[in-house]
Amino acid sequence: MYRIIILLLISLKTFSQDKNLDDIYSNINNKENLFEEIYGKFYYTSSNREKGIYKSEFILESETKQDMERIYYVATNLFDTLFINKNIFLLKDYFKYYPLSMKIYFIQYNEKHFKCITGKAQSACGSGLERTFYMLFKKKNNDYILINSFESRFGNIKNIGDFNDDGKLDYMKIIRKGKYYNLDFRDLKGNSLNMGNMILEYKLNDKFKIIKNNLKDIKFN
């Protein structure tokens, strides 16, 4: 009887410990080598404060041997636009990247090739708000087509993966629900994967307390 009580107390103590976001991802996304970051940065190339137009370009690091299309990001007072070679992608109204936070990844999964651009919201720069935007492109005929764009609180590239093992990419969202956050899963069309969800309480510095874990087949040590 005493042994059962001690084990229960240890279990409760472990469950209540604050967990870094990467600790949570590591229990969910078990696909290794899914992402390859393109090493480089966005740099401001021109700006016009009077017209409210700011242009930045992705520059590869000099040591890298990776091939890369020419990518521009243009921000205006009305909307933001992404240029990949001759392709133009008009961003959603609420997509306002902070250009210097943007990163680019190659994703190769199930014989399909993708490119993902991630970045923080402009309002997230220097604040406690961590809102991450994602634009996922699929390679077709040596070009990339935008197939999905979404946002999530406190996210990074690990928000994308095959979480239900159906051979297709999915994504997870961390959504504010009152004082807590819900972590749930969707396919690229935005449909729920019906994997359950996880209720989190944010503890600063990318750490969370797991309030309730309803995710199927996902347990935390």
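Trainee: Between which two strands is the loop that holds Asp-162?

Mentor: This is a predicted model, in which local features need pLDDT of at least 70 and side-chain atom pairs count only at pLDDT 80 or more, whereas totals for chains, interfaces and linings use all residues. Residues are numbered from 1 along each chain as its sequence is written, and side-chain values use heavy atoms, with hydrogens and water left out. With strands taken as DSSP runs (E, at least two residues) numbered from the N terminus, the loop with Asp-162 lies between strand S12 (160–161) and strand S13 (170–177).

Trainee: Is Asp-162 buried or exposed?

Mentor: The cut-offs are under 20% relative accessible area for buried and over 50% for exposed, with partly exposed in between (1.4 Å probe, protein chains only). Because its relative accessible area is 4%, Asp-162 is classed as buried.

Trainee: Which side chain makes a polar contact with the side chain of Asp-162?

Mentor: A polar contact is a pair of N or O atoms within 3.5 Å; within protein, one must be able to donate a hydrogen and the other to accept it, and residues adjacent in sequence count only if both atoms are side-chain atoms. The Asp-162 side chain reaches the backbone nitrogen of Asp-165 at 3.0 Å. The side-chain partner, at 2.7 Å, is Tyr-109.

Note on methods
Helices (H or I, at least four residues) and strands (E, at least two) are DSSP runs, numbered from the N terminus.
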